[in-house]
Amino acid sequence: MKFQTRLIHECIEPEKWNGATLPPIYQNASHCHQSAESMSDTFGGKTDQHIYMRLTNPTNQVLEQKLSALEGGKGAIYMASGMAAVTNTCMALLRAGDEFVCGSSLFMSTYLLFTKVFAKYNLTCRIVDPLDLEGMENSINDKTRFIYLETIGNPAIDIPDIQKCADLAHKHGLPLLVDNTLATPYLCRPLELGANVIIHSTTKYLSGHGDAVGGMVIDGGSFDWAASDRFPDFKPFIERKGELALRDKIWREHHINFGSTPAPFHAYLTFIGLDTLGLRMERHMKNTIKVAQHLADHSKVNWVNYPGLKNHPCRATAEKQFGHLGYGGLLTFGMDDQEACFQVINNLKMIYHLANLGDCKTLIIHPASSQYLSFPEQERNQLGIRSDLLRLSVGIEDVEDICNDIDQALTKL
Ligand SMILES: *Cc1c(COP(=O)(O)O)cnc(C)c1O
């Protein structure tokens, strides 16, 4: 089956669900067992029955299987937020004193986690330009445990070449982790390009309606932990779960002990959202290219950053990697200064001003005065969080209405 069909039909099992074509919501903390032997066997990992919601939940598992299948992975863990997925995955890979290399255009909370929180535990992230392979290679040393990238940087909107980065990682016996939130498996499947682990905030395009928070880590099962001499601590997990050693390590050491299990209602909503992911992404991207061109032609807009525009430095990589489907649904544009940005936001009538992206509704934010408010100015500048920058997550409304709202807001300046 092709991808749009798989989005709808993958992992639907009416025969198991009393004929229902949506997974039942198992809203219960614990599962009873018929015998002492069954409970003991389940604790011993000999059966795949359920014990307690923090460990596993049948509704959450359906979403794990579905997203894993859609990304081409071998197994997944659904967590309470994208940040839970980032934190648990990285911590499962790192031991005190270890290092990793990551691209500089990171989601804001990921950046704070990597640079501020991990530092407390003597974990070092070496931040490099994700488009600079030489710089990436030069940052690898014998303490490095992985390379971490985002498919589409935010708000830099830069696109690293995943295949080349995967080759570089593998040359040094390292796995490549990719946060694929902004591209979604509709636009890009990094495991097919050589990445080994995928992370998602399902809060964004996957659920798609601003209704559910969640995260997913997907193990590609493609990294040979035993072949690299960097991972002696993986031995018991390899013995237990073979190619899914990392999934087992994240689940056993971190997910269940850090308590990052989501309520199954979030999985249910996300499951429904996936039905229309393809349709929504098509429309998001069709709208975004039009809005980008409209903004680029507007006299009051100084610049527009969108990989679908001609001359964008990442356009060729996007076309190679995204197979001409499009360039994502996020863009940034520049006004004269912060004051002008505030006026635009305050003048908008339809477009919502809120901190999220990937919603059906068009959303705008001024990152420098919101998500990055607590950052020192110098650090903001290094990260490209300019005070004249507005970020737009283009929704699926009629594009004329999006452009009209922007026009009336700009006219009042
Ligand atoms: C939102 C986001 C996250 C964090 O996800 P939450 O669900 O908000 O915890 C991580 N990475 C990217 C790229 C995101 O956009």
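## A walk through the model, starting at a cysteine

Start by selecting Cys188: with a relative accessible area of 2%, this residue is buried. Keep in mind as you click around that you are looking at a predicted model.

Cys188 takes part in no disulfide, and the nearest cysteine sulfur belongs to Cys165, 12 Å away. Is Cys90 buried or exposed? It counts as buried, because its relative accessibility is 0%.

**The two domains.** Now zoom out and colour the chain by domain. The assignment gives domain 1 as 3-273 and domain 2 as 277-411. Where the domains touch, domain 1 supplies 36 residues to the contact and domain 2 supplies 39 residues.

Select Ile147, Leu176, Val291, Leu331, Phe333, Met335 and Leu392 and show their side chains. These are the residues with the most contacts inside the largest nonpolar core, which has 78 residues. As a general point, nonpolar side chains in soluble globular proteins tend to be buried together.

Skipping neighbours within four places in sequence, Leu392 is in contact with Val291, Gly329, Leu330, Leu331, Phe333, Ile351, Thr362, Leu363, Ile364 and Ile406. Apart from this core lies another one, of 42 residues; Cys102, Met108, Leu113 and Phe375 are among them.

Switch to cartoon view and find strand S9, residues 330-334. S9 belongs to an open sheet of five strands with mixed pairing, in the order S8-S9-S12-S11-S10. Which strands are at the edges? Those are S8 (303-305) and S10 (352-353), each of which pairs on one side only.

Now check both flanks of S9:

- Towards S8, three bridges hold the two strands together in an antiparallel arrangement. Select Trp303 and you'll find its bridge partner in S9 is Gly334; for Val304, the partner in S9 is Phe333.
- Towards S12 (residues 389-393), the pairing is antiparallel as well, over five bridges. Gly334 turns up again here, with Leu389 as its bridge partner in S12.

Show the S9 side chains next. Leu330, Thr332 and Gly334 point one way, while Leu331 and Phe333 point the other way, and all are buried. With five of its five residues buried, S9 is therefore largely enclosed by the rest of the structure.

**A parallel pair.** Move to strand S2 (residues 99-103) and strand S3 (residues 124-128), which run parallel and are joined by five bridges. To get from S2 to S3, the chain passes through helix H5 (residues 108-117), making a right-handed β-α-β crossover. Pick Phe100 if you want to see one of the bridges: its partner in S3 is Cys125.

**Gly75 and its surroundings.** Strand S1 (residues 75-79) is your next stop, and Gly75 lies in it. Gly75 is buried, with a relative accessible area of 10%. Leave out its neighbours within four places in sequence and its contacts are Ser68, Val217, Ile218, Asp219, Leu244 and Arg247. Try the distance tool on Pro264 too: this residue is 189 residues from Gly75 along the chain, and their C-alpha atoms are separated by 18 Å.

Most residues other than glycine have a negative phi, and most peptide bonds are trans. Here are some exceptions to finish with. The peptide bond from Asn154 to Pro155 is cis, with omega near 0°. Pro155 lies in the loop between strand S4 (144-150) and helix H7 (162-171). Ile157 lies in the loop between S4 and H7 too, and its phi is near 55°, a positive value in a residue other than glycine. At 0% relative accessibility, Ile157 counts as buried.

Last stop: His324, in the loop between helix H13 (315-322) and S9. His324 has a positive phi of about 65° although it is not a glycine. Is His324 buried or exposed? Its relative accessibility is 62%, so it counts as exposed.

Notes: Residues numbered from 1 in each chain as written. Predicted model: local features only at pLDDT ≥ 70, side-chain atom pairs only at ≥ 80, totals over all residues. Heavy atoms only, no water. Core = buried A, V, L, I, M, F, W, Y, C linked by side-chain atoms within 4.5 Å. Buried < 20%, exposed > 50% of the residue type's maximum accessible area, 1.4 Å probe, protein only. Contact = heavy atoms within 4.5 Å. Pairing = 2+ DSSP bridges. Helix = DSSP H or I, 4+ residues; strand = E, 2+ residues; numbered from the N terminus. Right-handed = clockwise from strand over helix to strand, strands pointing away. Disulfide = S-S within 2.5 Å. Domains from an automatic or database assignment.
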